[in-house]
Amino acid sequence: MILITKKIAILSFYFTKSPLVYNLHQELLIKSFQKYTWLGMSKDTKKENNTRVNLNISGMTCAACALKISDKLNSLKGVKDAEVILTTESATLEIDESQIELDDILQSVKSIGYRANLSRTTFQLEQPISEEVHQNIIDILEGLHGTKKIQFNEGNRVSVTFNSGNISENQILRLLKDTGFQVKKSKGKLEEEQDLFNKEIQHRKRLLYTSLTLALPVVILTQLNRYTSLFANFEMGLLYILFGLSTITQLLVGSYFYKNAWRALRNFTANMDTLIAIGSGTAYIYSLLTTFFIEGKEFFEASVLIFSFILLGKFFEMLAKGRTSKALTKLMELQSSQASVIRNGEEELVDIDEIDVDDIVIIRPGESVPIDGRVTEGKTRIDESMLTGETYAVKKEPGDIVIGGTVNQNGVIKAKVERIGNDTVLQRIIELVRSAQSQKAPLQRIADKMSRIFVPIVISLALLTFLYWFFLANFTFEESLLRFVAVVVISCACAMGLAIPTAVMVGTGVGAKSGILIKGGESLEAIHKIKKIVFDKTGTLTVGKPQVIDIVPNKNHSEIEILSIAASVERGSEHPLANAIVEKAREQEIPLKPIADFMNHPGFGVEAILEGVNILIGNPSFANERNIDIQSQIEMISLFQNQGKTVVLVMNTTDLIGFITISDEIKPYAKSVINRLYEMDIEPYILTGDNEKTAKAIANRLGISKYFSEVLPAQKLEIIASLKNKGDGMVAMVGDGINDAPALSKADVGIAIGSGTDIAIESADIVLIRGDLRTILAALHLSKKTYNKMLQNLFWAFIYNIIGIPFAAGLFYYLGVPFLPPSIASLFMAFSSVSVVVSALLLYRVNLQKIIDEIKKDVEEEESIEKSSKEKGDEEIMASKLVCEECGYEEALPKHCGRDMIPRDGKLVCWMNLPKEEGGMGIQCGEQPISEHHGIPMKVV
């Protein structure tokens, strides 16, 4: 009924613009809105569960600010967990909506002197609406769970303030479209956030310019008066000028710091603004007193320069912090704004928000793929490097998946849309990176503890400094006061607050660029501590798709004959092994023959009538059950089984025709990755549901000494728990399937293969987008580099204050080191936090692709050596042809087990008969006499 009402409303608008039908259209829209309300989309129906709240926080200046807001939010009833991140100027909360409203949260942040905002987006309505529909739009959008404020602006634009933690702008847009409106997004959430950031930058810039404009004359006049006699007859007039300029600076610039300091004091806390306000305010007030009331020296120059240097440092800090999220910005820029869609048989250029699931989009060379979908027509190569880090373009043809944000290189393709909006891979990656950059690393707790007590300690040290120099060292009041001010303004909690989160932001950004999504600082810090990595086998170490590996004929049958027979019969089965055989036949373009009387024998195999012959296909037990003699090939069959291959026998009712081996191929570079892990003193394990023989074979091929076979999903969890309980290092789990999700969650670090299931990806701490095992090594390297950078930043932040404060206090005065002027102290303070951020930015030099390419190079060198050795061995043991010495007649050598037979002891033998050191397998396989011509054995040459 809803759909019918909606469609009538849409048709009425498109097919006529008469007043009568227009009014009908408006009424139908109202009813459509009412239907949505009846469906229970109101806020009241959503109060049962906890929800996530995302806030943008402005006004923070140091780590103490973030901690103060965090403490305030966590103290509210109904807030279960709140984290505030200085670097991203954001907060993430988990709340119980039955106990607290969004207004209460926003007001609580405002009450302690900061600004908290929800996300905002603006939509453009492209047709006129009546007053009644206008109000109904407001009512329905306000009733949606997660929306906060709806505002109609000039030109039929609708601004929606919403909580991005439980509703997206695409969902809001979709609802508006579903009610029959032509609507598009005119300014999205990200653009609104960028506008807020730009406004803050402009505000800081205005403060800085104002401060410098007023401070520069004060500095010049003070220096001229100090080193020349230019103002010898005008000293009081000069003091009044300095007083006037300094007072204006205090009112226009200083008020920014004084307000923040007052808010902190009112909430019984202190932050960097407190130190700046105390330092500059003390110098200004004392200068005011000496100018008008008491004898003494004035410090107007110090009072204004403190503001200028601090603002200059903060401005550069903001610019540097903006660069730390450049990886996220680049990801956002990958999103297409428009796409070519086929509608009603014609191509139409539409906004990306107007694309629906099942639409067909056209993607031309050079264009970005606008959505997630599947190729329906055409062939091309697509550059997926921005999402996966892979440097090579990937071939795409009908049936292949394409990902939004990647770039089409050389062919025109059509793709059917499968995911849109927040469900696309790109959007999910963006959200994962945003979430990761807002999660704290364990090392951050050390900095947080110091930040809580830092300012009170600094003020106490400054007072002790003043008391010592004035009362014990008998310095003048002015000189002692300058030491007090210098100690206050050189101290920097910002450097400690920024040391860890900036490194996390850059580290997660570098990882995202290489297709490694790390879900937060804790995961990033933990990876390098791993001592054991447990790999799920199927889909992780192996490709996850069984493939035909060997086709071995028996007696005079050929490989093509065996594959044709097997594929024709197995076409009637849905077993994965049967699919592998059929797929192999299709690859080789072998025609399949009709069969009759197909029968499935669970646990054994299948049989059918093919060209009048009863064919049986199955395992050795099936042969034994039907009394078919396979003893001549039993050693070879056992050999293949010991290699971890599944053997499928192809038989008639009396004899073995041949057999096919099937295996799930080991992923490229898997063995090299395992070798590197051993070199890094990390022990690998295999978890698999396969039988003991297969598990052992795969483990041997990879060089893994420890494995667990025939493991059920619940047992995977138990194994991970037991390995953790040993207490000899952190345990990581690598998997891709639904049955891996519990183990991924249980492990210290869960690593999901990006090609795996959504549940596995959600359960993991790290997601390898392209499923390349080499990226595990890249993640380990990145973690180590980032962790070292965290320690480095933390060390320099602490050491700066440990050295700077005693230096400003005059501790080295008796060693001949002069006192530090407050203005220079403020300069050091301003650039200490900038240096920490710039230090974190150096992580962008980490080249993860180099590590991945190094492994590839090593593997290629090993393969080249193996190939050369094999070719050399082949030359030694294999002949090329048979030649009659009488007449020169030539013929090719007969083949056996896929290769030319070899002359040995006056006859031809299968290459498998040769000893292993000569390139064979050391088993008894086929043999036959050398062919004769003119009654004489031919010569092998």
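**Figure 1. Helix H23 and the residue that follows.** Asp-681 comes after helix H23 and has a positive phi, near 65°. The model shown here and in the other views is predicted. Helix H23 spans residues 670-679, and its buried residues are Ala-670, Ser-672, Val-673, Ile-674 and Leu-677.

**Figure 2. Packing of helix H15 against helix H28.** The view shows H15 (residues 477-490) and H28 (residues 774-809), whose axes come within 8 Å and cross at roughly 165°. Because angles over 145 degrees count as roughly antiparallel, H15 is described as roughly antiparallel to H28. The crossing of H15 past H28 is right-handed. On the H15 side, the contact is formed by Arg-483, Ala-486, Val-487 and Ile-490. These residues meet Tyr-800, Asn-801, Gly-804, Ile-805, Ala-808 and Ala-809 of H28. Sorted by class, the residues of this contact are 7 nonpolar, 2 polar and 1 charged.

**Figure 3. Packing of helix H28 against helix H29.** Helix H29 covers residues 822-841 and packs with H28 at an angle of about 170°, the two axes lying 10 Å apart. The two helices are therefore roughly antiparallel to each other. H28 contributes Lys-789, Gln-792, Asn-793 and Tyr-800 to the contact. Their partners in H29 are Phe-828, Met-829, Ser-832, Val-836, Ser-839 and Ala-840. By class, the contact of H28 with H29 comprises 5 nonpolar, 4 polar and 1 charged residues. Tyr-800 of H28 is listed both in the contact with H15 and in the contact with H29.

Figure 4. Residues count as buried under 20% relative accessible area. Cys-65 has a relative accessibility of 0% and therefore counts as buried. Cys-884, with a relative accessible area of 4%, is buried as well. For a disulfide, the sulfur atoms of two cysteines must lie within 2.5 Å; by this rule, the count of disulfides is 0.

**Figure 5. The protein as the setting for the close-up views.** The secondary structure comprises 30 helices and 40 strands. Of the 941 residues in the protein, 52% are buried. Among contacts between residues at least 6 apart in sequence, 68% join residues at least 24 apart.

How values were computed. Residues are numbered from 1 along each chain as its sequence is written. This is a predicted model: local features need pLDDT of at least 70, side-chain atom pairs count only at pLDDT 80 or more; totals for chains, interfaces and linings use all residues. Side-chain values use heavy atoms; hydrogens and water are left out. Axes are lines fitted to C-alpha atoms, for helices over the stretch in contact, and angles run from 0 to 180 degrees between N-to-C directions. Helices (H or I, at least four residues) and strands (E, at least two) are DSSP runs, numbered from the N terminus. Angles under 35 degrees count as roughly parallel, over 145 as roughly antiparallel, 65 to 115 as roughly perpendicular and the rest as oblique. A crossing is left-handed if the near helix is turned anticlockwise from the far one by less than a right angle, and right-handed if clockwise. Contact means heavy atoms within 4.5 Å. Ala, Val, Leu, Ile, Met, Phe, Trp, Tyr, Cys and Pro count as nonpolar, Asp, Glu, Lys and Arg as charged, and the others, Gly among them, as polar. Buried means under 20% relative accessible area, exposed over 50%, partly exposed in between (1.4 Å probe, protein chains only).
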